[in-house]
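The tour goes from one selection to the next and says what is found at each.

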Amino acid sequence: MLLLVALGIVVSSTVVTTEEAEHTGHKPPAPRLNYSSLSLPPEHIPYFLFSNKREAKHCRLDPLCPFKDALLDASACWGYEKNCDPEKRFGYPVCTKAVSGWARSVEAAQELFWKQADFGYVKERLSEMKTLCKANNPGDSSLRCSSHTRFCRTTNLYLDLRNPRRSHERYKEDFIQEGEIGGRCSLNKQALAAEGGHKSPLQSWYAELQTYTELDFNPIEDGHCDLIIEKPTVFMKLDAGVNMYHHFCDFANLYISQHINNSFSSDINILMWDTSFYGYGDLFSETWKAFSEYDIIHLKSYDSKRVCFKDAFFSLLPRMRYGLFYNTPLISDCHSEGMFRAFSQHVLHRLNITQEGPKEGRVRVTLLARSTEYRRILNQVELVNALKTVPLLEVNVVDYKYKDVRFLEQLTITHNSDIFIGIHGAGLTHLLFLPDWAVIFELYNCQDESCYRDLARLRGIRYVTWQKVDKVLPQDKGHHPTLGNHPKFTNYSFEVEEFIRLVLEAADYVTHHPKWQPRSLHDEL
């Protein structure tokens, strides 16, 4: 809101100045930069300016810059910058104890979690960057990658798709042959070959870059491109677009990659690397607007052409070993309000999802229902009726079926929930977009204990789950199609008294959280 107000002031000032100019005959001063294009949450502006000294200098000299207040916090930094004061980092993990086998002290545990799952993760990737193909002259190509080619930057990239070897495989490893990808630069073949240890579709870019070729021509200057892409481009390989948990691994890694690349403009192309004939089913496509102003480009749209990209990076991938956040091994008893909180703020800001609370004397409870065959709450009506007897609670039952509830509407409901309740399933990924004071209540984890508990720890919000197994009743032993009995393949009933007890404990946490500051009627007016 402060950013919008600030931008409004810029517009107002410009209008007044223009009116004065009509009478004086002088032209109004023009802003040094297009500040409206810097669409970042207000809290992030000081951190952006710290990493972008040129923009900070322009703002300091420009009387029309709306970010003067952000300049006052000149030492605020994300944490990965070389000259960042550790005391000024964007959050730092909180650990309650040191776990044997992980760390010898609480301080060591904090540092480890920061490197595993916070902005220390960006710092680690930046420290790994090495040049694999070196530009020798202005206008040459270049290729720099982190370990195992999990993230790469490239300039003047040549990609020859005149003979595409498309098949039913989405990530065909021999799709690109020698001479079909490369650039005019000095290639360290041995160094490139050494990065193939994590070769796998969603773990590295080695399969795509293993045939990177040192060309004896400059593809752009010598006219070897049928199409030249001037706009910065992000290459991505995507996980399942129909599953929120897996697809938001894509979005989170794109955001982390933007930090590695220090580029947050939405005036970019996002290119989906897919070697199949198929399209891509995406139930969360509205989220792309948080990263690009344009539609996602499928690789096959460039078939039959030699395409040259002036500026591009290959994004971090959703299923990397020790990556984020799928199957990430995390040190226990730690949580953070750092990188994943920043990701949440970034997406919500770009998609214009606003917070309408908290509400005076009311705790907003959202219960996520399931209309699937399994993991339904059999006594849901009874539980909801019990919640409605508690005056403090404002209860809302939702079923996030994509055909009925648009994803942006889902995000609005989630972000305006103080307690979010649901049984184990991908829909609980919505916890990423809860407010800082909220509680995620995984009603039953179906013996998958770490999945959403760890995601809540990454986001830095309170996690609660059912503990008393004698007070939850499965419908049967479960019916996995190949594994037999399985707790994720049945439905459940829950004891009402224990359910209410856990919800009231969560409500007590919410109302005592330092960031839970209810709006009065006067504030709303």
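What follows is a set of stops, each with something to select.

**Before selecting**

This is a predicted model, in which local features need pLDDT of at least 70 and side-chain atom pairs count only at pLDDT 80 or more, while totals for chains, interfaces and linings use all residues. Residues are numbered from 1 along each chain as its sequence is written, and side-chain values use heavy atoms, with hydrogens and water left out.

**Stop 1: confidence**

Colour the model by pLDDT, the predictor's confidence in each residue, from 0 to 100. The protein has a mean pLDDT of 91, and 92% of its residues reach 70 or more. Select residues 1-25: pLDDT stays under 50 there, and the model has 20 contacts beyond four places in sequence for this stretch. A contact means heavy atoms within 4.5 Å. Over residues 521-525 the pLDDT is also below 50, and that stretch has two contacts in the model beyond near neighbours in sequence.

**Stop 2: the largest core**

Select Tyr212, Phe309, Phe325 and Phe343. In the largest nonpolar core, which has 120 residues, these four touch the most other members. A nonpolar core is a set of buried Ala, Val, Leu, Ile, Met, Phe, Trp, Tyr and Cys residues joined through side-chain atoms within 4.5 Å. Buried means under 20% relative accessible area, exposed over 50%, and partly exposed in between (1.4 Å probe, protein chains only). Helix H9 (residues 244-261) gives the most to this core, with 10 residues. Helices (H or I, at least four residues) and strands (E, at least two) are DSSP runs, numbered from the N terminus.

Phe325 sits in the loop between strand E12 (306-314) and strand E13 (334-335). Which residues does Phe325 touch, not counting residues up to four places away in sequence? They are Tyr245, Phe248, Cys249, Ala252, Phe340, Leu455 and Leu458.

Another core, of 33 residues, lies apart from the largest one; among its members are Phe441, Tyr444, Val472 and Ile500.

**Stop 3: strands E14 and E15**

Select strand E14 (residues 363-368), where six of six residues are buried. Val363, Val365 and Leu367 point one way, and Arg364, Thr366 and Leu368 the other way. E14 runs parallel to strand E15 (residues 393-398), and six bridges join them; two strands pair if DSSP finds at least two bridges between them. Val363 has Leu393 in E15 as its bridge partner.

Pro358 lies in the loop between helix H10 (339-350) and E14. The Gly357 to Pro358 peptide bond is cis, with omega near -5°.

**Stop 4: strand E17 and what follows**

Strand E17 (residues 439-442) is covered on both faces, with Val439 and Phe441 buried on one side and Ile440 and Glu442 buried on the other. E17 pairs in the parallel sense with strand E16 (residues 419-422) over four bridges, and also with strand E18 (residues 462-465) over four bridges in the parallel sense.

Cys446 is found in the loop between E17 and helix H13 (451-459). Cys446 is not a glycine, yet its phi is positive, about 55°. Its relative accessibility is 2%, so Cys446 counts as buried.

**Stop 5**

Gln410 is in helix H12 (residues 407-415). Is Gln410 buried or exposed? Gln410 is buried, with a relative accessible area of 4%. Its side chain reaches the backbone oxygen of Val405 at 2.9 Å.

Thr154 is in strand E4 (residues 152-160) and is buried at 2% relative accessible area. The side chain of Thr154 reaches the backbone oxygen of Ser142 at 3.0 Å.

**Stop 6: a partly exposed lysine**

Finish with Lys289, in the loop between strand E10 (269-272) and strand E11 (297-298). Lys289 is partly exposed, with a relative accessible area of 44%. The side chain of Lys289 reaches the backbone oxygen of Glu293 at 3.2 Å. Leaving aside neighbours within four places in sequence, Lys289 is in contact with Tyr294, Asp295 and Leu351.

Technical notes. A polar contact is a pair of N or O atoms within 3.5 Å; within protein, one must be able to donate a hydrogen and the other to accept it, and residues adjacent in sequence count only if both atoms are side-chain atoms.
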